[in-house]
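Colleague: I am new to this one. Could you show me how to read it?

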Amino acid sequence: MFNSLSDRLAATFKNLRGKGRLSEADVDATVREIRRALLDADVAVPVVREFTGKVRERALGAEVNAALNPAQQIVKIVNEELVEILGGQTRRIRLAKNPPTVIMLAGLQGAGKTTLAGKLSKWLKGQGHSPLLVAADLQRPNAVKQLQVNGERAGVPVFAPDPGVSSEFEAATGDPVAVAQAGLAEARSKLHDVVIVDTAGRLGVDAELMQQAADIRAAISPDEVLFVIDAMIGQDAVATAQAFDEGVNFTGIVLSKLDGDARGGAALSVATVTGKPVMFASTGESLDDFEVFHPDRMASRILD
Ligand code: GDP
């Protein structure tokens, strides 16, 4: 991830080394290189435009730091602007004043939601919470089973509709909104302080899926709605993120499959175009491949 972008930016900055002062032409040439590098990394055009505009303005502006040479000055500006487009400060989960804290997951099928549910629950458990996973993805035949497997690995219980058992939840079978509500009731009665609700994804954004997710959101009033997006989807990331933002008004983003060799554009675009922060990163198939997303660390990694 970001390897090619990192190399391109490093090469650009190298050209500035040894320069005593940067002319407007130097700045323009540098900004042009940065623009090309970002576009080649699949960063969305409006994001690239805004980014390079700010870098240019600041590089030409009165920002003089006697301790830094011109090349270092530009690196510093690019670093700060990268942190900005990645969401600024690290955003932590908002815990409900009156537990349980309800976290709903949304995203396309295959984005990594069910895997993330396991990772997030394990991480929260490690922080002293007592999470409950709720299987409200009833579209994909295997999704409930997969969540149960992940829950078992994480040592976290899973609430799922059980078609074979006569219980008050039987009516909920097949209805994801009812399952989500019943899961929440279960969490309250068993004193779980966090509930993570996995929802269905389809291969493409569609109205029915969005309505179902919106209905679940309305029924359980989550404290956080995390939109999980596969960083490998490249240019499609922006339209997908915007559609989900309109549909479920998510509160935070999880970038999954950051271990892949994606060019990184999705990661750099989605926070800016939606105005929502990237909160977590998923970096592999094991439950421990999960981290809190720190915009400053990611920016440093790109500029390393
Ligand atoms: P869902 O349909 O959104 O619930 O997606 P899943 O959680 O089932 O994930 C789809 C596939 O991607 C599975 O094969 C996962 O093992 C894999 N996967 C999920 N997250 C990651 C990740 O961060 N890195 C990699 N390499 N694979 C992942």
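Modeller: Start with pairing. Two strands pair if DSSP finds at least two bridges between them. This is a predicted model. Here β5 (residues 224–230) and β6 pair in the parallel sense, over 5 bridges.

Colleague: Which residue in β6 is the bridge partner of I229?

Modeller: L255 is the bridge partner of I229.

Colleague: Which way do the residues of β6 point?

Modeller: In a regular strand the side chains alternate between the two faces of the sheet. In β6, G252, V254 and S256 point one way. I253 and L255 point the other way. Both sets are buried.

Colleague: What is the strand order of the whole sheet?

Modeller: The order is β3-β2-β4-β1-β5-β6-β7-β8. The sheet is open, has 8 strands and shows mixed pairing. At the edges stand β3 (158–159) and β8 (290–292). Each has a single partner strand, so one side of each is left without a neighbour in the sheet.

Colleague: How does β2 pair with β3?

Modeller: Strand β2 covers residues 131–136, and its pairing with β3 is parallel, over 2 bridges. V134 stands opposite F159 in β3. Helix α6 (residues 143–154) packs on the sheet there, touching β2, β3 and β4 (194–199). The direction of α6 makes about 165° with that of β2.

Colleague: Now single residues. Is D230 buried or exposed?

Modeller: Compare its relative accessible area with the cut-off. D230 has 12%, so this residue is buried. D230 is found in strand β5. Then look at its contacts. Leaving out residues up to four places away in sequence, D230 touches G110, A111, S256 and K257.

Colleague: How far apart are D230 and G110 in sequence and in space?

Modeller: They are 120 residues apart in sequence. In space, C-alpha to C-alpha, D230 and G110 are 7.9 Å apart.

Colleague: Where does K276 lie?

Modeller: K276 lies in the loop between α10 (265–274) and β7 (278–282). Its relative accessible area is 16%, so K276 is buried. Beyond residues up to four places away in sequence, K276 touches D245, N249, F250, T251, I253 and A271. One of these, I253, is a buried residue of β6.

Colleague: And which residues does S6 touch?

Modeller: S6 touches R301 and I302, with residues up to four places away in sequence not counted. S6 is found in helix α1 (residues 3–14). At 12% relative accessibility, S6 counts as buried.

Colleague: Now the whole chain. How many helices and strands does the protein chain have?

Modeller: It comes to 11 helices and 8 strands. The C-alpha trace spans about 80 × 35 × 30 Å along its principal axes. Of the 304 residues, 52% are buried.

Colleague: What share of the contacts comes from residues 24 or more positions apart?

Modeller: Count contacts with a separation of 6 or more. Residues 24 or more positions apart account for 77% of them.

Colleague: Last, surface and charge. What do they come to?

Modeller: The accessible surface is about 13900 Å², and 47% of it belongs to carbon and sulfur atoms. The chain has 33 positive and 39 negative side chains. The centres of the two sets lie 5 Å apart.

Terms used
Residues numbered from 1 in each chain as written. Predicted model: local features only at pLDDT ≥ 70, side-chain atom pairs only at ≥ 80, totals over all residues. Heavy atoms only, no water. Helix = DSSP H or I, 4+ residues; strand = E, 2+ residues; numbered from the N terminus. Buried < 20%, exposed > 50% of the residue type's maximum accessible area, 1.4 Å probe, protein only. Contact = heavy atoms within 4.5 Å. Axes fitted to C-alpha atoms, helices over the stretch in contact; angles between N-to-C directions. Areas by Shrake-Rupley, 256 points an atom, 1.4 Å probe, with all protein chains shown as cover. Lys, Arg positive; Asp, Glu negative; His and termini not counted. Charge placed at Lys NZ, Arg CZ, Asp CG, Glu CD.
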